[in-house]
Amino acid sequence: MQTFMIPGTVFMSLLAGSLFGVFRGVALVVFTATAGASSCYFLSKMIGRPLVFSLWPDKLNFFQAQVAKRRERLLNYMLFLRLTPTLPNTFINVASPIVDVPYHIFFFGTLIGLIPAAYVTVKAGIALGELQSIGDLYDFNSIATLFLIGIVSITPTLVTKEKSP
């Protein structure tokens, strides 16, 4: 589903949480989403250039300029893109090989950057299975875990900013 950008992966993530629990569900979702995004990356690298140029010429020019400007800290930028909704993941998967994002940067940015969203959807799948009231969705452990994931996700950016002159 991820490779061919078929909607519905969020429902599979909910199901993974319901069936496998938090740790195994997140691992499964992140692994499959990264594998699908990687397949999309290589498919786009082989045959996607004309399609991307025809569908999103302005976004592609913007993305290419941003990648060129952030070449030194490209992993941080890819993490930022995965953690925020500035560009759709579909576009990132298809356009990254065209704007010369190295695969290892794409891979690690995807692998790490998808963890927060995977955690949320897996946790939501578990909560939906056990839901008794709306208050059950906002327990301290869920909020603390999301906070911790957010801090860990932005740590590379904070560390490199402190080292910059």
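## Ground rules

In this predicted model, local features need pLDDT of at least 70 and side-chain atom pairs count only at pLDDT 80 or more, while totals for chains, interfaces and linings use all residues. Residues are numbered from 1 along each chain as its sequence is written, and side-chain values use heavy atoms, with hydrogens and water left out.

## The overall picture

Let's start with the whole chain. The protein has eight helices and zero strands, so named from DSSP runs numbered from the N terminus (H or I, at least four residues, for helices; E, at least two, for strands). From the N terminus on, the order of elements reads α-α-α-α-α-α-α-α.

Of the 165 residues in the protein, 35% are buried; buried means under 20% relative accessible area, exposed over 50%, and partly exposed in between, with a 1.4 Å probe and protein chains only.

## Helix α1 against α6

Two packed helices are described by the angle between their axes and the distance between the axes. Here the axes are lines fitted to C-alpha atoms, for helices over the stretch in contact, and angles run from 0 to 180 degrees between N-to-C directions. For helix α1 (residues 9–47) and helix α6 (residues 103–113), the axes come within 9 Å and cross at roughly 150°. The pair is therefore roughly antiparallel, on a scale where angles under 35 degrees count as roughly parallel, over 145 as roughly antiparallel, 65 to 115 as roughly perpendicular and the rest as oblique.

The crossing of α1 and α6 is right-handed; a crossing is right-handed if the near helix is turned clockwise from the far one by less than a right angle, and left-handed if anticlockwise. On the α1 side, V30, T34, A37, S38, Y41 and F42 meet Y103, F106, F107, T110 and L111 of α6. By class, this contact has eight nonpolar, three polar and no charged residues. In this scheme Ala, Val, Leu, Ile, Met, Phe, Trp, Tyr, Cys and Pro are nonpolar, Asp, Glu, Lys and Arg are charged, and the others, Gly among them, are polar.

## Helix α1 against α7

With α7, the axis of α1 makes an angle of about 110°, and the two axes are 7 Å apart. That makes the two helices roughly perpendicular, and their crossing is left-handed. The residues in contact include G17, G21 and G25 of α1 and A118, T121 and G125 of α7. By class, the contact of α1 with α7 has 13 nonpolar, seven polar and one charged residues.

## A closer look at α7

The 16 residues of helix α7 (residues 115–130) should span 22 Å at 1.5 Å a residue, and the end C-alpha atoms are 22 Å apart, which agrees; the expected span is 1.5 Å times one less than the number of residues. Its buried residues are P116, A118, Y119, T121, V122, G125, I126 and A127.

T121 has 17% relative accessibility and so counts as buried. Leaving aside residues up to four places away in sequence, T121 touches V10, S13 and L14. A127, also in α7, is buried at a relative accessible area of 16%. A127 lies eleven residues from Y138 in sequence, and their C-alpha atoms are 9.9 Å apart.

## A loop residue worth a glance

D100 is found in the loop between α5 (89–95) and α6. Its phi is near 65°, a positive value in a residue other than glycine. At 52% relative accessibility, D100 counts as exposed.

How values were computed. Contact means heavy atoms within 4.5 Å.
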